[in-house]
Amino acid sequence: MILQNIFVLVIIAISTLRADAQYPVPIPPGGRMAVHGWLILPWNTNATEGPIQAWFSHHVPEFGADSPHNFQIVLNGLLTPLSCFNTEPIAQPIPMPYPPRDPLIQYEYTITPPPEFSLNDLLLQTLTELKGSIYNGSFDTPYERIPIALGTLTVRELTTAVYLNESTSVPSYPDLRYLSYPRDMSSSGDTKPFQHMYFAHEIHSVPDFDHIIHVSIDTTQCHCEKSSPLLCNSKKILQQIRTPGVEWSFPTLTNDFQNRLLPPTVIKGRITSGPVLCPITVLESIHCMIGPDFNHKC
Ligand SMILES: *[C@@H]1O[C@H](CO)[C@@H](O)[C@H](O)[C@H]1NC(C)=O
Ligand SMILES: *[C@@H]1O[C@H](CO)[C@@H](O)[C@H](O)[C@H]1NC(C)=O
Ligand SMILES: *[C@@H]1O[C@H](CO)[C@@H](O)[C@H](O)[C@H]1NC(C)=O
């Protein structure tokens, strides 16, 4: 009996450790209570009603050991419209861009649950549904944010979740780095040579900047750095590029917000985990704020 209890305790300890092990800081349940908003980055869809599939970027993170916002997060989620009024029996489609019908996002669309919630519970994946107001705009847009709908954000996967260490001893990357997320996540997208992607500047060391852009990549123009024929066919190149959260380096640029990627730039980027190099065409800049608290526009 005692042995059994010890066994159970060990199992609990291991699973708790495992949940925390991904992060260099503890994430106790219920912690990091605050209002947390999300920038909506819609996927390609053929439907203009019903739930929207999208990437959601934590809006806004913040450096600071005591901040409840000290994570960069990009998650894969589903946004389902809720009917707003008694006079509206069925939920209306959310009035926001639906790519590829709307090729550009142009404005900032966000969802914010009005009450505080625990970011730790979201990181622990015990909290997977958030009801909130959907806005055209946010506190950092030049126009006042416009409430456009109510919706439920269902978290399907925490694709990127990184603790932001405020120590000035953390060295900045020498080169500009972005993480990428495909806009067409359908299986037919796996073989399309022309890809639209969202790129999120990788937040790593103070003060840093939070920049989200929309780019296109003509993968027929990609090539490989060294002779690695096994890695360098069009199928493998597409596979690498379409891996959500993959890291790109722009070795010709230092990692400053002054060097951020803005339209109509075309620049060669390199996937850091492999030999692939591609020209990246920047189509639009969606959101840009300067750290360490990300409340100043770039
Ligand atoms: C939309 O429909 C087209 C044509 O049927 C198809 O090729 C494409 O994969 C669809 N896109 C998505 C995101 O489902
Ligand atoms: C979002 O707001 C801007 C600024 O008011 C407006 O120009 C734009 O048309 C709005 N977008 C949609 C889809 O209504
Ligand atoms: C933050 O970075 C500093 C400097 O590299 C390191 O000593 C410290 O352990 C890090 N803190 C956490 C929580 O990872």
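Me: Let's start with ligand 2. How many nonpolar, polar and charged residues are in the shell around it?
Reply: Bearing in mind that this is a predicted model, the shell around ligand 2 holds 5 nonpolar residues and 1 polar residue, with no charged residues.

Me: And which residues surround ligand 2?
Reply: The residues around ligand 2 are P95, M96, Y107, N136, Y143 and I146.

Me: OK, what about ligand 1, which residues surround that one?
Reply: Ligand 1 sits among N44, T45, N46, D184, S186 and S188, and by class this shell has 5 polar residues and 1 charged residue, with no nonpolar ones.

Me: Which domains does the shell around ligand 1 draw on?
Reply: At least three residues of the shell around ligand 1 come from domain 1 (1–165), and at least three come from domain 2 (167–298).

Me: That leaves ligand 3. What surrounds it?
Reply: Ligand 3 is surrounded by P24, V25, N165, S167, S169 and V170, a shell that divides into 3 nonpolar and 3 polar residues, with no charged ones. For ligand 3, too, domain 1 (1–165) and domain 2 (167–298) each supply at least three residues of the shell.

Me: Switching to the fold: which strands close into a barrel, and in what order?
Reply: The barrel is closed by 6 strands in the order β2-β3-β4-β8-β7-β5, with antiparallel pairing, and from one strand to the next the twist averages 40 degrees.

Me: Can we zoom in on β3 and β4? How many bridges join them?
Reply: Strand β3 (residues 52–59) and strand β4 (residues 71–82) run antiparallel and are joined by 6 bridges; as one example of a bridge pair, S57 has V74 in β4 as its partner.

Me: Which members of the largest nonpolar core touch the most others?
Reply: That core has 52 residues, and the ones touching the most other members are I40, L41, A54, F56 and Y198. Strand β4 gives the most to this core, with 5 residues, and the core draws at least three residues from each of domain 1 (1–165) and domain 2 (167–298).

Me: Last one, is β11 mostly covered or mostly open?
Reply: Strand β11 (residues 209–218) is mostly covered, with 7 of its 10 residues buried.

Me: What does β11 pair with?
Reply: Strand β10 (residues 194–201) pairs with β11 in the antiparallel sense over 7 bridges, where F199 stands opposite I213 in β11. Strand β11 also pairs with strand β15 (residues 276–290), again antiparallel, over 9 bridges, and there the bridge partner of H214 is E284 in β15.

Conventions: Residues are numbered from 1 along each chain as its sequence is written. Chains are lettered from A and ligands numbered from 1 in the order in which they are written. This is a predicted model: local features need pLDDT of at least 70, side-chain atom pairs count only at pLDDT 80 or more; totals for chains, interfaces and linings use all residues. A residue is near a molecule or strand if its C-beta atom, placed from the backbone, lies within 6 Å of it. Ala, Val, Leu, Ile, Met, Phe, Trp, Tyr, Cys and Pro count as nonpolar, Asp, Glu, Lys and Arg as charged, and the others, Gly among them, as polar. Two strands pair if DSSP finds at least two bridges between them. Helices (H or I, at least four residues) and strands (E, at least two) are DSSP runs, numbered from the N terminus. Axes are lines fitted to C-alpha atoms, for helices over the stretch in contact, and angles run from 0 to 180 degrees between N-to-C directions. Domain bounds come from an automatic or database domain assignment. A nonpolar core is a set of buried Ala, Val, Leu, Ile, Met, Phe, Trp, Tyr and Cys residues joined through C-beta atoms within 7 Å. A residue is buried if 20 or more other C-beta atoms lie within 10 Å of its own, exposed if 12 or fewer, and partly exposed in between; C-beta atoms are placed from the backbone.
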